[in-house]
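The structure is shown here, and the report follows.

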Amino acid sequence: RIYLDHAAAMPVDPRVIDAALPYLAGKVGNPSGLYEEGLMAKSAIEEARGRVADLINAEDTQSIVFTGGATESNNIAVRGTALRNARTGKKVVTSAIEHISVLNPAKDLQKSGFTYATVPVDPWGVVDCEALREAVTPDTTVTSVMYANNEIGTVEPIREIGEIVHERGKYLHVDATDAGGRIPIDVQRDGIDLLTLSGNQLGGPEGTGALYIRPGVRSQPVVLGGGQERGLRSGTEDLFGIVGMGEAARIAAADMPGERRRLAAIRDRLIEGILTLEEAALTGHPTDRLPHHASFRFSRIEGESIQLGMDFFGVAVATGSACTSRTLEASHVLLAIGLAHAEAHGSMIATLGRSNTTEQVPAVLHAARETVKRLRAITPL
Ligand code: PMP
């Protein structure tokens with residue numbers, strides 16, 4: 001089988017398991033304990049924190065808070081930061097193509113008296129900086145724009161966005177779930193105040209994440225309890241998960257230059273091959289895109305049928321965001337780049353990872369060609 005859905009779930013790197021397993025099976029102690037086991041657990045957590053901080057060039061390891069995943073990081077960043085700073089303004093702004101775990105907290109803030117504005121993107125999915133300049137006002141506490149989009153792979157001009165946000169508003173939150181570990185991120189260079197990372201997307205365990213919070217920025221917890229993780233994420237630390245995420249961050253940083261080049265070459269061959277199929281088009285930016293991300297749309301066929309068809313040939317691909325695939329609604333991302341409802345349904349996303357090779361490309365192209373041909377033959381459209 002050929003697995004091309006790394007953006008939905010990444011296989012955990014065996015080196016991560018080697019590093020973290022002792023903390024599941026033996027080296028266990030509550031990090032709040034002052035006895036030897038506790039101190040060892042605490043020091044393992046702090047080492048992991050340092051590795052995550054290094055990956056994004058954070059100025060201080062204490063600016064990293066471990067969470068239970070990207071969804072939780074996004075909730076603390078958007079909802080927690082807006083609520084904590086409500087006396088300085090009650091407006092939040094996001095791009096139209098954010099993940100649902102950013103959009104829903106932003107919408108929910110309206111119940112607490114916030115106004116919420118979304119900023120459109122161009123047909124390649126790049127945020128409209130003029131519209132952003134108008135949307136961000138002095139009472140805007142949080143503006144959230146993702147580093148790169150999970151459905152169309154487009155990388156946003158974050159540094160420019162940071163400058164615009166700081167000219168008028170307060171804090172820039174960046175969801176780097178899909179960009180983390182894939183392309184260099186530097187929170188200081190890019191003027192990022194809060195940044196979301198997913199542990200699994202780095203090759204670490206599912207259900208782990210981190211939030212970078214620039215020193216001096218205040219946020220408030222979405223879950224209350226014993227005050228762990230600077231009070232923002234109470235609950236006994238997930239030692240196995242945190243050590244695993246730290247090791248994944250270390251490996252991602254070390255392997256990034258090589259993997260980035262290797263996967264981009266496979267991606268480009270996939271794109272070149274798929275675009276020779278009839279009525280196939282690339283979605284997202286042709287060049288400013290994630291190195292492991294290829295996304296397409298096909299006229300007159302349904303994404304779910306493409307997914308099943310490809311699976312028949314032993315190839316796992318995505319159609320839209322895994323998080324909304326249950327609802328079968330047209331993707332808000334594809335609608336935002338200007339596609340009609342009918343066009344937005346025939347989407348196929350291939351996201352690459354360590355197991356993929358150039359040698360797999362012909363089999364993927366064969367599967368796509370046959371799948372599209374069969375589906376077109378039976379389409380009522
Ligand atoms: N943000 C983005 C951009 C995503 O693609 C995802 C899903 N992979 C999430 C947030 C949420 O991640 P999780 O389901 O791991 O919390």
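In this predicted model, 30 residues of domain 1 are in contact with 30 residues of domain 2. Domain 1 is made of two stretches, 2–7 and 256–378, while domain 2 runs over 14–251. Their C-alpha centres are 27 Å apart.

How much area do domain 1 and domain 2 bury between them? The answer is about 2400 Å², with 59% of it on carbon and sulfur atoms. On the domain 1 side, the residues that lose the most area to domain 2 are Met256, Leu290 and His332, and together they make up 25% of what that side buries.

Next come the polar links across the boundary. There are 0 salt bridges between domain 1 and domain 2, but 11 residue pairs are in polar contact, with both partners at pLDDT 80 or more.

Which elements give two or more residues to the side of domain 1 that touches domain 2? They are α8 (239–274), β10 (293–298) and α10 (332–336). Of these, α10 gives the most, with 4 residues.

Here is that side of domain 1 sorted by residue class:

| Class | Residues on the side of domain 1 that touches domain 2 |
|---|---|
| Nonpolar | 13 residues |
| Polar | 13 residues |

Methods: Residues numbered from 1 in each chain as written. Predicted model: local features only at pLDDT ≥ 70, side-chain atom pairs only at ≥ 80, totals over all residues. Heavy atoms only, no water. Domains from an automatic or database assignment. Contact = heavy atoms within 4.5 Å. Buried area = accessible area lost by both parts, 1.4 Å probe. Salt bridge = Lys/Arg side-chain N within 4 Å of Asp/Glu carboxyl O. Polar contact = N/O pair within 3.5 Å; in protein donor to acceptor, adjacent residues only side chain to side chain. Nonpolar A, V, L, I, M, F, W, Y, C, P; charged D, E, K, R; others polar.
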